[in-house]
Amino acid sequence: IFEDTETIPQPMIRIYAYELFRIIMDIYREYVPDVVQQTKLLDYLNLLIRSKGVEDIKYSVNQILQFAGDSIAHWKAVEDNTIITKIKQYVEDNYQEYDMNISTMAEGLQMNARHISRVFKEKMKMSILDYINQYRIMKAKELMNKKCYTLKEVSSMVGYADERSFRRAFLKVEGIIPSLYT
């Protein structure tokens with residue numbers, strides 16, 4: 001809207017700026033749940049309302065875009081970290097379940113499986129399944145250090161359906177077979 005400000009009347013530019021603000025506010029409300037932050041964005045509307053000329057309107061719109069963009073990025077990071085925390089807690093609470101997978105996790109967390117997989121991979125630099133296996137193997141090593149369980153018992157206690165799957169996962173995570181661990 002600001003490329004050809006000489007041919008567009010200032011009242012029309014102001015109307016475009018208000019409409020742009022309305023669109024930004026709708027998007028902002030979707031991504032930023034904090035009412036205080038939403039109110040801060042309204043302060044920028046006051047800046048827009050008080051603007052005198054086209055240059056003031058440009059400045060106000062740029063301030064609005066900067067604030068909204070920064071806030072949305074912040075809240076997205078907060079949301080992503082919350083998702084990561086929930087996934088980790090879910091794994092901690094359910095690692096012993098044989099049938100735990102991304103679908104059951106997403107269902108249990110009431111989230112979209114693709115979304116949590118993407119967020120986890122982006123933030124943790126590993127897949128959820130790799131994280132589950134690493135967590136299970138960490139728990140298996142704790143049990144193995146007690147030296148009172150067979151590998152079959154350990155594999156069952158940490159959520160593997162059979163000893164063969166456990167051995168494969170252990171080798172992948174630790175680089176050695178379980179019998180050589182202790």
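Arginine 167 and glutamate 163 sit four residues apart in helix α8, which means that about one helical turn separates them. In this predicted model, the two side chains form a salt bridge, with the closest N and O atoms 2.5 Å apart. A simple idea lies behind such contacts: side chains of opposite charge can pair when their charged atoms come close.

Lysine 141 forms a salt bridge with glutamate 174, and the closest N and O atoms are 3.0 Å apart. Lysine 141 lies in helix α6 (residues 128-146) and glutamate 174 in helix α8, so this pair ties together parts that are 33 residues apart in sequence. Glutamate 174 counts as partly exposed because its relative accessibility is 31%. The pairs described here are among the ten salt bridges that the structure holds.

Helix α6 also holds glutamine 134, a partly exposed residue with a relative accessible area of 39%. Glutamine 134 and proline 9 are 125 residues apart along the chain, and their C-alpha atoms are separated by 63 Å.

Attention now turns to empty space. Rolling a probe the size of a water molecule over the atoms shows where such space is left. The largest pocket contains about 180 Å³ of space. Its lining is made up of Tyr98, Met100, Leu129, Ile132, Asn133, Arg136, Gly159, Tyr160 and Ala161. Sorted by class, the lining residues of this pocket are six nonpolar, two polar and one charged.

Leu171, Ile176, Ile177 and Leu180 make a nonpolar surface patch of about 340 Å². One of these residues, leucine 180, is placed in the segment after α8 (163-174). With a relative accessible area of 60%, leucine 180 is exposed, because the cut-off for that class is over 50%.

As background, most residues other than glycine have a negative phi. Glutamine 110, although not a glycine, has a positive phi of about 55°. Glutamine 110 lies in the loop between α4 (102-109) and α5 (113-124), where it is exposed, with a relative accessible area of 75%. Lysine 147 likewise has a positive value in a residue other than glycine, with phi near 55°. The loop between α6 and α7 (151-157) is where lysine 147 is found, and this residue is exposed, at 61% relative accessible area.

Note on methods
Residues numbered from 1 in each chain as written. Predicted model: local features only at pLDDT ≥ 70, side-chain atom pairs only at ≥ 80, totals over all residues. Heavy atoms only, no water. 1 Å grid on protein atoms, 1.4 Å probe; cavity = no way out; pocket = protein on both sides within 12 Å on 5 of 7 lines; lining within 4 Å. Points joined across faces, edges and corners; volume = space filled by probe spheres on them. Nonpolar A, V, L, I, M, F, W, Y, C, P; charged D, E, K, R; others polar. Patch = residues over 30% accessible without salt bridge, like charges linked within 9 Å, V, L, I, M, F, W, Y side chains within 5 Å. Areas by Shrake-Rupley, 256 points an atom, 1.4 Å probe, with all protein chains shown as cover. Salt bridge = Lys/Arg side-chain N within 4 Å of Asp/Glu carboxyl O. Helix = DSSP H or I, 4+ residues; strand = E, 2+ residues; numbered from the N terminus. Buried < 20%, exposed > 50% of the residue type's maximum accessible area, 1.4 Å probe, protein only.
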